[in-house]
Amino acid sequence: MIRFEDVDIAYDGMLAVPGLNITIEEGEFFTLLGPSGCGKTTILRCLAGFVPNSAGRIMVRDRDISRLEAERRGVGIVFQNYALFPHLTVSENVAFGLRASRTGNAEVRQRVGDILERTGIAEHAGKRPSELSGGQQQRVAIARSLVMGPSILLMDEPLSNLDVKLRVAMRNEIKRLQRQLGFTTIYVTHDQEEALSLSDRIAVLNRGRIEQVGAPEAIYDRPETEFVCRFIGEANRLTPTMLGSSGAAINTDTPTFVRPEHVRIGVPPAGHLHLSASVEDAVFLGPLVRYSMKAADGLLDVIVSGAEARLAIGSQHMLHFPAEAVLRPQRTVQ
Amino acid sequence: MIRFEDVDIAYDGMLAVPGLNITIEEGEFFTLLGPSGCGKTTILRCLAGFVPNSAGRIMVRDRDISRLEAERRGVGIVFQNYALFPHLTVSENVAFGLRASRTGNAEVRQRVGDILERTGIAEHAGKRPSELSGGQQQRVAIARSLVMGPSILLMDEPLSNLDVKLRVAMRNEIKRLQRQLGFTTIYVTHDQEEALSLSDRIAVLNRGRIEQVGAPEAIYDRPETEFVCRFIGEANRLTPTMLGSSGAAINTDTPTFVRPEHVRIGVPPAGHLHLSASVEDAVFLGPLVRYSMKAADGLLDVIVSGAEARLAIGSQHMLHFPAEAVLRPQRTVQ
Amino acid sequence: MTRTALSPNKLLQGVGLLIIAWLVIAFLYYPIAHVLIAAFFPEGQLSLGAAERLADSSRVTRSLWNTALVAAVTVVTVNVVGIFQVAVLEFFKVRFAPLLLLAFSTPLVFSSVAAVSGYNFVYSSHGFLTKLLLMVFPEMDPNWFTGGMAVVFVHTFTMTGYHILFVRIALRRIDFSTVEAAQSLGVSPARAFISIVLPMLVPVLLATSLLVLLGSLNSFAAPAMLGGRDFYMISSMIQALVGLGRTDMAALLSLLLGAVSLVIFLWMKHVESRGGTVSTAKTQAPLRKTAIRNRVTNAIVHALAYILVVIYAAPILITIAFSFAPVESIIRDAFPSAFTLDHYIAVFSNARAFGPLGNSLMLATLAVAVALAVSLFAAIRIRSTKGVVSDSLEFSLFIPWVLPGMMLAVGLISAYSGPSLLTFGQTLVGGYWLLPIAYVFLVIPLMVRMLGAALAGIDPNINDAGRSLGASAFYRFRRLTAPLLAPVIALVTAMSFNDLLSEYTLSVFLYNINNMPLGVALQNAARADGQDQIAISMVYVVLLLTFSLIVILAADRLGADRSGQR
Amino acid sequence: APAQTLTIYSPQGGDDRGAFITEKAKEAGFDIQFLGGGGGELFDRLIAEKANPQADIVLGLVQPSMYQLKAESLFEPFVPAWAVDLGADFKDADGNFHMFWQTPIVMAYTDKVTGEAVPTSWLDLDKPEYKDLFTFGPITSQTTRMILAGILWRFADPATGEVSEDGWNFLRAAYASSRVLAEGADYWQTVASGDMPVVLSWYGGVANNAAKNNIDVTFVDTEGGTPMVAESLGIIKGTDDLEVARKFVEWFGSPEFMAAYATRFNQAPAHPEALANSPEAVRAGVEQFHVQPIDWNIASGKLNEWLETIQLDIMP
Ligand SMILES: Nc1ncnc2c1ncn2[C@@H]1O[C@H](COP(=O)(O)OP(=O)(O)OP(=O)(O)O)[C@@H](O)[C@H]1O
Ligand SMILES: Nc1ncnc2c1ncn2[C@@H]1O[C@H](COP(=O)(O)OP(=O)(O)OP(=O)(O)O)[C@@H](O)[C@H]1O
Ligand SMILES: [Mg+2]
Ligand SMILES: [Mg+2]
């Protein structure tokens, strides 16, 4: 169990993360989400012991590790900038930690070979980092941490330079290893799909503060703040006019939203809120198509399956959504 | 117009890209897609003049630039690893190119200020790269190239370290500037949604060779090779058994596929191919939910809108899809 | 546009290469060829008499062995001490780091004759330490500080300067996140220093080791002053042979030295070319000092660091003290018994003494400026373009290093004692320009080597980024390469400047009546037997030392500021 | 306007002697500048500058160097008026140069030499009694070369300069007995302390330093004679202003100036008239030794070869 208790983290006196409080359970897959520069990397680095916390305590299994040296925390980390050892080959990079802990030769060879195989870089085992493509480097960084079997593994956007196929494969590999070895993972990603599909729980950060912590569906379906609502997934802000005809029951004093995929096109069933709009723009996203629809009072995004027939630009349609789909986050920030 | 004519690119004699032929139109937004290590970066670096082509010609507006020095090609590039100037501040980094071309002071100030504003890093203008977060660095790299108003702009995964919101904002910014300034963009990304939504045309690469070039929808809906079909989007391989009951008309000598979003759950309309399957696993992806369905002869992925009611694990359902949705790429590689 | 069209860029490069080619041919190869031809083809006939004569001499054989042994041991000891110093200065938190920096910087400014006599003040039979020891152990041999051991000892503590300069800069450049990565893999910073940081420093360590090796192969002052009767090194032989007019034999021994150095140089290039020490990181994390947590280790490290401070400071402090002592005290005492300002007054009231100082400042400025321009151009060219031209450039500019200064001087004199086509009909011997030209070649190898090592540490994408932004080669140099190299540029400049300021070996052959340099003036003063000469030359040593130390420390600060490292 | 500046290469130029000459020359109407440095160094320099001579006059080099320079025909022969009275040993037969100072190269010992025996001859140097009591000095110094030349000439065939095997054996043994003084160490301190009580050096140096350090020394009038070195003066061929150079030589070598110069620095002039005008002590310094006859025309040609042999084979 990892617990941040009122942790402050500062760079040269500038507070990047103020008063952080989170508890992360043993074996959990915990993700930090938040806009660029909000302090995700900073939190990981603090937990790993590279940035000191200027206040508060960091408890791991009820022991305060704030003052422990990084190398004794047993926390593995995959760096955002990889930090590969440039003078070592791929397999030497991966073997580094094992050799440092005096693991027997045969075992090192076996474990390194195994992890290189799993991460798909076995064929580059003899190359130096400078001879690898970006994605290959990233996989070496992952392999280097995984091979140690750490009890806590921090990953800072470990898959950002991989293509979808590989990303999915790596994700599954990480999940599989996590299940097998039971380590706690704290994960930073910009890929929401990744966050939503991998995580047990997600913390959404904004300017160093936590906005909401919860299971993926809770975060997505029941955002507590406007920031979370807008940051995770897409959200159409609803105006009173939009709801005028059918949504009298809805109080629009606090901002209300509806997600584009909840908005349907077609004849509204009874009880659904509805409005009329014309197709302004269509963007092909592969499995999905996003329409920008012009309603009386502004634009609304609508996402439909790519399998459905395309709508012509300018054509007029009825939009509708169930009242339950309306999101009404509290403005207040935790 | 940019034309690669039989271009070979080698590292120490090892051919990374053999016999490349592509034509890219003036003002086009052209994307390179392909698995990690397939040679995307290599192609960009060759066009920019950092890696020589060992054979063939690279024509820009009917002029062979293969032997031209990089600094005289007028090709802007956003590096995969940013390559920011570590000793210069953010605004000095961005102003670098303008100053090199002896732009007047006032204009430099105005243009730099403008682009910093647009990329959302104006508040960090005085910092050095090492004091920025990963995403902030990436935006500096983009701003540095954009500010030059190049006629050709190469971008190597320029948005990989940004969150979705910012990514969409930056994308729009790039698109807007492209429309305004009319530069040709060659773009590398791992994000398929990004590729599909941004690009005029996409080239799919595999081990240094082009598998298919075409408009996003053509690539997605009419993949020409099995590789493209599997690499872009998701694809369920169909077996004769799966189609047995309803798809007798379909020849399965060549592999046939169906995309998960084309597979519907429910009572099959007339003329639809159909089969029965049970829910094996469900993954929440935010706007979408992916079901893994167990059919008689294997697993099938099905993607449905997150707005629909969830199916219970283990429950039995009918799956169906129209015959037009069946993809039958030719095996042959170009 | 056709492919063959010349861009201004290429034109500039071509002109630069031509100028360097002329310099190298005219002032390196041609003079050397002169010496070799005179040596081996005395009457147009190949003659190997010199070689046989040398091979028969047991003195020569012994000096060769001594030289090889001392050089090898020195490289090891200097690296051990130097790396330790760099670690306590930059990597570990050690208290009073500024004091350490000051003490460890002294070899940069206190070397050669001055340093050896400084060490003698402490360790020789009438030295301070020896007197102390004699009180405790009256039986010990007062002449204990002689022979190979003494030479190695003095080498060890006078040759760590390159580590303080170049290894330290390279260390500051290391991407610290690699150390963090090692930590996260359970490796303490101290071990990471050995297993991660040092290997990343290999290029610069090799370059400095080569410098140290060449320094000790060519070492003259230490063996001459400390060697005693039975211990001599090859450079003394070479000097003696040149003094006897046997330049053929001297050339032969120099060739031997050169060949050895060359082999080592090539091996080093090979190691370097395996490369891969450039970090692939998107941005490099700056170095942070780490505290040593283990109390015992920490205490030991601190103790060692301060012992080193004492070793470095003692000879200098005693030299400074003696420069204020009356002559009788200098000759008699282990430590000054009385103090006086007379020597300083004598120096400052003697206007004549400033002539050579002015000459040296002028000559050094000229030579360093030219050498810097040539070295920067060459280093960048060698790094950016592979091929025969670059290889021969690198090789050529390396030669003066392995060539004893004396041989170059002898060659220059024999080549240009009359008018020559290569100098456009000028006779250089006896004129002003021969000395500054030789100075240029004296400092070029260090510059090229060190700038090259520094260039290797810069992410090549940085330069590519500059190119893609349309910056010309010159602009890129001014705004990217130069600032990133600034610390190294500042330091090689300062070091070369200091070296030239007190250079003697080569100057004594080449100066003329209008440019007698400081080094020669000092030697003449030290040798002349007038009253108080010892004291006066000690005053000069102290003044020079102060001046040089200021130059070096200023350069270090300046360079650090320019490159944005705080 | 003052006369053109004369450039003089001289080992005496860098110290008080140079200052003295400059001052007196100025009074006599000469504007001179010195280029100082060791004798060997100046010799090399003159050879190197043969095609582009910078010096007008060379002053203070000793016989071996002067005869070699003559062999390179670097001199502009000129016989000054005062040369008439000069002994034949002190002038070049062809008028290339003339000598103005003479210095005995001597052996001396201090009262710290223990035991009954004291050295009486150069040829005593290989005896075990004197082991580690003396040093030959660095082979680059003019004095050391003179000492070695003096020893070897005893074993040389006067016609060819060939040294016998006995000569080399003696020298090898003598070197084995000698010590090497660390460069930079203060020699006279080691003499004073009794560490090296046997001194091989030039007479004036011994006399001055013994007086300064309160050392009681005894000079040896060695069997076979004491080598006498003499500093010379000559005009370099190609001088800018031959007229002034000649005038300077006339002035410098004149008995009047020589007497003053020699008195000031305790040196013995070569010119008989100047010597007669010198102080008693100076004259005694020269007159207490028998001169060793050395044919420099032969010896100077052989010297480098001898030194080479010493350097490669004789020294320990
Ligand atoms: N070394 C540093 N010195 C000063 N400020 C810093 C330093 N490192 C980061 N910061 C600042 O701290 C804030 C948080 O940075 P951090 O790297 O944690 O962001 P992040 O959430 O990881 O962002 P990204 O998603 O872009 O990587 C940013 O505003 C950044 O500018
Ligand atoms: N400097 C180099 N020396 C040798 N091989 C290299 C070098 N750079 C890249 N390669 C190899 O060339 C191939 C193509 O590399 P490239 O960087 O173009 O891939 P990429 O498509 O950009 O991959 P990614 O998406 O992972 O960045 C890879 O297999 C890589 O290992
Ligand atoms: Mg980050
Ligand atoms: Mg790439």
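Q: Which helices supply at least two residues each to the shell around ligand 2?
A: Helix H4 (134–146) of chain A and helix H1 (40–48) of chain B each supply at least two. Helices here are DSSP runs of H or I with at least four residues, strands are runs of E with at least two, and numbering goes from the N terminus.

Q: And what should I know about the model before I read on?
A: The model is predicted, so local features need pLDDT of at least 70 and side-chain atom pairs count only at pLDDT 80 or more, while totals for chains, interfaces and linings use all residues. Residues are numbered from 1 along each chain as its sequence is written, chains are lettered from A and ligands numbered from 1 in the order in which they are written, and side-chain values use heavy atoms, with hydrogens and water left out.

Q: Ok, where does ligand 2 lie?
A: Between chains A and B. There are 18 residues around ligand 2, and the nearest are Ser133(A), Gly135(A), Ser36(B), Thr41(B) and Thr42(B). A residue is near if one of its heavy atoms lies within 4 Å of the molecule or strand.

Q: What's the make-up of that shell?
A: The shell around ligand 2 has 2 nonpolar, 12 polar and 4 charged residues. Ala, Val, Leu, Ile, Met, Phe, Trp, Tyr, Cys and Pro count as nonpolar, Asp, Glu, Lys and Arg as charged, and the others, Gly among them, as polar.

Q: Which side-chain atom of Ser36(B) is close to a ligand 2 oxygen, and at what distance?
A: An N or O atom in the Ser36(B) side chain is 2.7 Å from an oxygen atom of ligand 2. From chain A, a polar side-chain atom of Lys127(A) lies 2.9 Å from a ligand 2 oxygen. For Cys38(B), a backbone N or O atom is 3.3 Å from an oxygen atom of ligand 2.

Q: How much of ligand 2 does the protein bury?
A: 87% of the 640 Å² that ligand 2 exposes when taken alone. Those accessible areas come from the Shrake-Rupley method with a 1.4 Å probe; for residues, only the protein chains shown count as cover.

Q: Now ligand 1. Why is that site shared between chains?
A: Because residues from chains A and B surround ligand 1. There are 19 of them, the closest being Gly37(A), Thr41(A), Thr42(A), Ser133(B) and Gly135(B).

Q: Which atom of Gly37(A) lies 2.7 Å from a ligand 1 oxygen?
A: A backbone N or O atom. On chain B, a polar side-chain atom of Lys127(B) is 2.9 Å from an oxygen atom of ligand 1. A polar backbone atom of Glu131(B) lies 3.3 Å from a ligand 1 oxygen. Taken alone ligand 1 exposes 640 Å², and the protein buries 88% of that.

Q: Which helices give two or more residues to that shell?
A: Helix H1 (40–48) of chain A together with helix H4 (134–146) of chain B. The shell around ligand 1 divides into 2 nonpolar, 13 polar and 4 charged residues.

Terms used: A polar contact is a pair of N or O atoms within 3.5 Å; within protein, one must be able to donate a hydrogen and the other to accept it, and residues adjacent in sequence count only if both atoms are side-chain atoms.
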